[in-house]
Amino acid sequence: LRVATGRNPRTMETTRMAHDLDLCSVYDCLGGEPTYTSAHRRFLGTVDYIWFAREEGASLRPLSALLPLDIQTLRSSAVPCLPNKYWSSDHMSIATDFLIC
């Protein structure tokens, strides 16, 4: 779990990265990040993103995005975490439709 938080397990320092690209998460631009994209016994959270350049005059504009299965539906299933016999990965699929301008 420490690695998932970005902390070095030996020093507990947090690693931060930066760049000059003006990127936006598709989900954030369309109304908000999903509650989760990965769900297993020790972790539930959003770790998968689709990024795009949000510059004025940019050639891509997000129209819609695939949301993960509702968390209540997952929790009420026979195996309430990922992977299981219905979903073979511990990550939900994400996808988006872009308008190419």
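This is a predicted model: local features need pLDDT of at least 70, side-chain atom pairs count only at pLDDT 80 or more; totals for chains, interfaces and linings use all residues.

Colleague: What makes L23 partly exposed?

Modeller: Its relative accessible area is 31%. As for its place, L23 belongs to strand β1, residues 23–25.

Colleague: What is A53 in contact with, leaving aside its neighbours within four places in sequence?

Modeller: A53 is in contact with D22, L23 and A58. A53 itself sits in strand β4, and its C-alpha atom is 7.2 Å from that of L21, a residue 32 places away along the chain.

Colleague: And why is A53 called partly exposed?

Modeller: The value for A53 is 32%. Since the label applies between the 20% and 50% cut-offs, A53 is partly exposed.

Colleague: Let us turn to the cysteines. How do you know that C24 and C29 form a disulfide?

Modeller: Their sulfur atoms are 1.8 Å apart. The cut-off is 2.5 Å, so the pair C24 and C29 counts as a disulfide. A search of the whole structure turns up one disulfide.

Colleague: Why is the disulfide of C24 and C29 called right-handed?

Modeller: The torsion about the S-S bond is about 125°, so this disulfide is right-handed.

Colleague: Are C24 and C29 buried, partly exposed or exposed?

Modeller: C24 has a relative accessible area of 3%, and because buried means under 20%, C24 is buried. C29 has 33%, so C29 falls between the cut-offs and is partly exposed.

Colleague: What about C81 and C101, buried or exposed?

Modeller: C81 comes to 9% and is buried. C101 comes to 58%; exposed means over 50%, so C101 is exposed.

Colleague: Why does T46 count as buried?

Modeller: The relative accessibility of T46 is 19%, and the cut-off is under 20%, so T46 counts as buried. T46 is found in the loop between β3 (43–45) and β4 (51–53). Not counting residues up to four places away in sequence, T46 touches E33, P34, T35, Y36 and T37.

Colleague: Which backbone oxygen lies 2.5 Å from a polar atom of the T46 side chain?

Modeller: That is the backbone oxygen of P34. The backbone oxygen of T35 lies 3.5 Å from a polar atom of the T46 side chain.

Colleague: Where is T96, and what does its side chain reach?

Modeller: T96 is in strand β6, residues 96–100. Its side chain reaches the backbone oxygen of S64 at 2.6 Å. The C-alpha atoms of T96 and A65 are 4.1 Å apart, although the two are 31 residues apart along the chain. With residues up to four places away in sequence left out, T96 touches V26, I50, P62, S64 and A65.

Colleague: One last thing: which residues does a cis peptide bond join?

Modeller: The cis peptide bond joins L82 and P83, with omega about -10°. Most peptide bonds are trans. P83 lies in the loop between α2 (71–75) and β6.

Definitions and conventions:
Residues are numbered from 1 along each chain as its sequence is written. Side-chain values use heavy atoms; hydrogens and water are left out. Buried means under 20% relative accessible area, exposed over 50%, partly exposed in between (1.4 Å probe, protein chains only). Helices (H or I, at least four residues) and strands (E, at least two) are DSSP runs, numbered from the N terminus. Contact means heavy atoms within 4.5 Å. A polar contact is a pair of N or O atoms within 3.5 Å; within protein, one must be able to donate a hydrogen and the other to accept it, and residues adjacent in sequence count only if both atoms are side-chain atoms.
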